[in-house]
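Please consider the structure shown below, together with its sequence.

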Amino acid sequence: MKLLVRGDDFGFTKAVTYGIVDAIDNGVLRNTGLFTNMPSSALAASMMDGRDEVCFGIDFNIVAGKPVSDPKDVPHLVDENGNFIRSGRRVSDPRYQSEEGQNELFPYDEVYRELKAQYDRFLELRNGIRPGYLHPHSIMPANYIRAIRQLSQETGIPFSMDIQKKYGFVSVFTFKKQDFTKTMNTKVFDPMAQLNKNPLKDVQDYSDQLLASPYVEIGGHPGFVDADLLDHTTLSLERVRDHAMMTSDWIKNWVKDNSIELITYRDL
């Protein structure tokens, strides 16, 4: 079995950044995508050197913080203060419920402009080293996915969703049959639900099915929590659960005892 472990939002905040690094150094995390528009992105980029076992990609972010582009060039993506319009506000907009409405909310030219700016910012932070993969974040309007695929075609860098589909990856959610559409379109902060999340138990419960599959993904949002994170996203407290899962003795022993090969997008 080949196992791809991915942790999203590297550089979101200082706490998330340090939590992801800990999940790399003391756990099984081998793939993580950088938020290049956040203040902690430079800190995160500085921590990539010397961790050659990790595939560092880019997580394209259009719902938190400020754009890399001039806000005047992406007026449909930002609020009156020049910050990205939050995902909770997006999904509550009636226009978001139709493709035509999503195209109005996320004009392709603006989305592509910002994603290309974030890509160029990655190159700047990494002195020309390219990301290992391209990955979406949070909501997924059609023009956003289209722009990522366009950049993937232009650069030859794999789009995570497409390459995982090509290889037939499964995850615990494959067997749980969880409805991601409902999850992604609900951006309500429920602290108890996040604290009660138990991703390690999910892996344990579906261990046999996962081991019987040739390609498996364990994804999540590992990290520590700080006030900055609480100010920027509803997906906050549960990050410590994903971190605990990826650094647990159980999962490290599970990988070792079953001769599981930890892979990255580079291997694909």
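The paragraphs below begin with the conventions and then turn to individual residues and elements.

This is a predicted model, in which local features need pLDDT of at least 70 and side-chain atom pairs count only at pLDDT 80 or more, while totals for chains, interfaces and linings use all residues. Residues are numbered from 1 along each chain as its sequence is written, and side-chain values use heavy atoms, with hydrogens and water left out.

Helices (H or I, at least four residues) and strands (E, at least two) are DSSP runs, numbered from the N terminus. Leu 151 counts as buried, at 1% relative accessibility; buried means under 20% relative accessible area, exposed over 50%, and partly exposed in between, with a 1.4 Å probe and protein chains only. Neighbours within four places in sequence aside, Leu 151 is in contact with Phe 60, Tyr 112, Leu 115, Lys 116, Leu 134 and Gly 156, where contact means heavy atoms within 4.5 Å. The C-alpha atoms of Leu 151 and Leu 134 are separated by 8.5 Å, and these residues are 17 residues apart along the chain.

Ser 171 is found in the loop between helix H7 (160-167) and helix H8 (172-176). With a relative accessible area of 10%, Ser 171 is buried. Apart from neighbours within four places in sequence, Ser 171 is in contact with Leu 210 and Glu 217. Glu 217 also belongs to a network of salt bridges that links it with Arg 6 and Asp 8. A salt bridge is a side-chain nitrogen of Lys or Arg within 4 Å of a carboxyl oxygen of Asp or Glu.

The structure holds 17 salt bridges. One of them joins Lys 176 to Asp 202, the closest N and O atoms being 3.5 Å apart. This pair links distant parts of the chain, with Lys 176 in helix H8 and Asp 202 in helix H11, 26 residues apart. Lys 176 counts as partly exposed at 34% relative accessibility, whereas Asp 202 is buried, with a relative accessible area of 17%.

Another salt bridge is formed by Glu 124 and Arg 121, with the closest N and O atoms 3.0 Å apart. Both residues lie in helix H5 (residues 108-125), three residues apart, about one turn of the helix. Glu 124 is exposed, with a relative accessible area of 54%, and Arg 121 is partly exposed at 24%. Glu 104 and Arg 95 also form a salt bridge, the closest N and O atoms being 2.9 Å apart. Glu 104 is partly exposed, with a relative accessible area of 44%, as is Arg 95, with 36%.

The second largest pocket has a volume of about 150 Å³. Of the 14 residues that line this pocket, the closest to its centre are Val 54, Phe 56, Arg 126, Ile 129 and Arg 266. On a 1 Å grid over the protein atoms alone, a pocket is an open set of points with protein on both sides within 12 Å along at least five of seven lines, and lining residues have an atom within 4 Å of a point.

Methods
1 Å grid on protein atoms, 1.4 Å probe; cavity = no way out; pocket = protein on both sides within 12 Å on 5 of 7 lines; lining within 4 Å. Points joined across faces, edges and corners; volume = space filled by probe spheres on them.
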